[in-house]
Amino acid sequence: MASLILEIGSRGLHHYQPLDNRVTTIGRALDNDVILSDPTVAPHHAQIIRHDDDRLEIVNLAEVNQTRVDRRRVDRLVTSTLPLALEIGRVQLQLLSRDQQVAATRPLAGNGRRSHLFGNAWWAVLLVLACLLVGGLDFYQSAYNSFKWSDLIKYVLRETVVTLGIFVLAMSILERLLVNRWEIRQLVTAIALTYLIYCATLQLAGLLDYLFSATWPGTLLYFGWYLVAMPAAIALYLIHISHFRQGRGILLAILIASPVAVPGLLQSPRLHTLFDDFSSAARYHNSLSSLNLHLDRRISIDEFLAAARDLEPGEFAD
């Protein structure tokens with residue numbers, strides 16, 4: 001008579017218990033062979049009886065929250081099929097044979113190499129410092145009138161530090177709830193790297209708008225970031241770092257990104273100007289780019305000023 005394994009589902013790591021007895025009792029009472037402390041489990045909830053011909057008999061002992069086998073309520077079931085999914089109260093269990101195949105081993109983040117981006121805490125520190133630098137440069141570019149170090153520090157703390165901190169806190173709590181462990185070093189690295197890519201995307205959007213003298217290139221990048229790139233980044237982290245299954249990781253990534261993406265898109269000026277001619281960017285820059293694809297000819301600043309002096313009030317140059 002082959003030994004069986006009872007898999008007890010839980011957050012993070014499952015528990016596995018060999019079943020060597022002919023009769024195994026499952027319940028919340030302390031005299032059971034398998035003790036489940038969940039309050040939805042009866043003191044004596046179910047029995048697993050093994051017969052000499054390798055058949056299994058599942059017997060329900062509970063009056064409340066009756067035992068389910070493959071999502072069907074049963075009083076008594078005799079079967080020889082494995083694996084067998086059981087529901088004892090709200091506890092998920094599975095009966096397995098010893099020769100049950102297991103999934104391939106998933107590598108650690110960085111595959112154990114300390115030089116890898118996700119394998120060393122120093123990479124996380126350097127990327128966070130790079131985020132602070134980028135935040136400071138953004139403030140410097142937008143400080144048209146004056147520049148004060150106190151304002152710079154306030155901006156970096158308010159924008160960059162708070163943004164990174166909120167994402168790290170939210171993702172770490174979700175990771176703890178879903179897989180019952182912390183991956184702070186890898187999480188900080190992933191979020192800092194995503195933030196840097198986001199800042200680069202914003203810069204690229206402005207350059208493309210300037211290059212094509214239109215707002216649609218930047219709008220495509222902006223919408224693509226919130227609808228595709230951000231969920232993809234979260235999904236890659238969940239699948240390759242936290243080792244979620246692919247389908248579950250993609251679904252969770254969409255759910256996690258939605259509270260950020262939906263308000264970001266709805267409040268974006270690009271959404272409000274998508275279907276009209278209004279642009280938040282000044283139109284005069286359309287004739288200043290040396291790479292502008294719409295220019296037929298280019299003039300120097302001196303020629304432009306000379307032409308402007310010859311114009312009558314209210315007259316436009318061709």
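Colleague: Buried means under 20% relative accessible area, exposed means over 50%, and partly exposed lies in between, with a 1.4 Å probe and protein chains only. On that scale, is Trp225 buried or exposed?

Modeller: Trp225 is buried, with a relative accessible area of 9%. Please note that this is a predicted model, in which local features need pLDDT of at least 70 and side-chain atom pairs count only at pLDDT 80 or more, while totals for chains, interfaces and linings use all residues. Residues are numbered from 1 along each chain as its sequence is written, and side-chain values use heavy atoms, leaving out hydrogens and water.

Colleague: How many aromatic pairs are there?

Modeller: Rings of Phe, Tyr and Trp (its six-membered ring) pair if their centres lie within 6.5 Å; planes under 30 degrees apart count as stacked, over 60 as edge-to-face and the rest as tilted. The count is 3 aromatic pairs. In one of them, the ring centres of Tyr198 and Trp225 are 5.3 Å apart with the planes at 45 degrees, so this pair is tilted.

Colleague: Which helices hold Tyr198 and Trp225?

Modeller: Tyr198 belongs to helix H3 (residues 184-212) and Trp225 to helix H4 (residues 216-240), so the pair ties together parts 27 residues apart in sequence. Helices here are DSSP runs (H or I, at least four residues), as are strands (E, at least two), numbered from the N terminus.

Colleague: What kind of pair do Tyr222 and Tyr226 form?

Modeller: Tyr222 and Tyr226 make an edge-to-face pair, 5.2 Å centre to centre with 65 degrees between the planes. The two residues are 4 residues apart in helix H4, about one helical turn. Tyr222 is buried at 16% relative accessible area, and Tyr226 is buried at 11%. Together with Phe223, Tyr222 and Tyr226 form one aromatic cluster.

Colleague: Changing topic, how many disulfides are there?

Modeller: A disulfide is a pair of cysteine sulfur atoms within 2.5 Å. By that rule the count is 0 disulfides.

Colleague: One last point: where does Ala170 lie?

Modeller: Ala170 is in helix H2 (residues 149-179) and is partly exposed at 37% relative accessibility. Ala170 and Ile256 are 86 residues apart in sequence and 9.4 Å apart in space, C-alpha to C-alpha.
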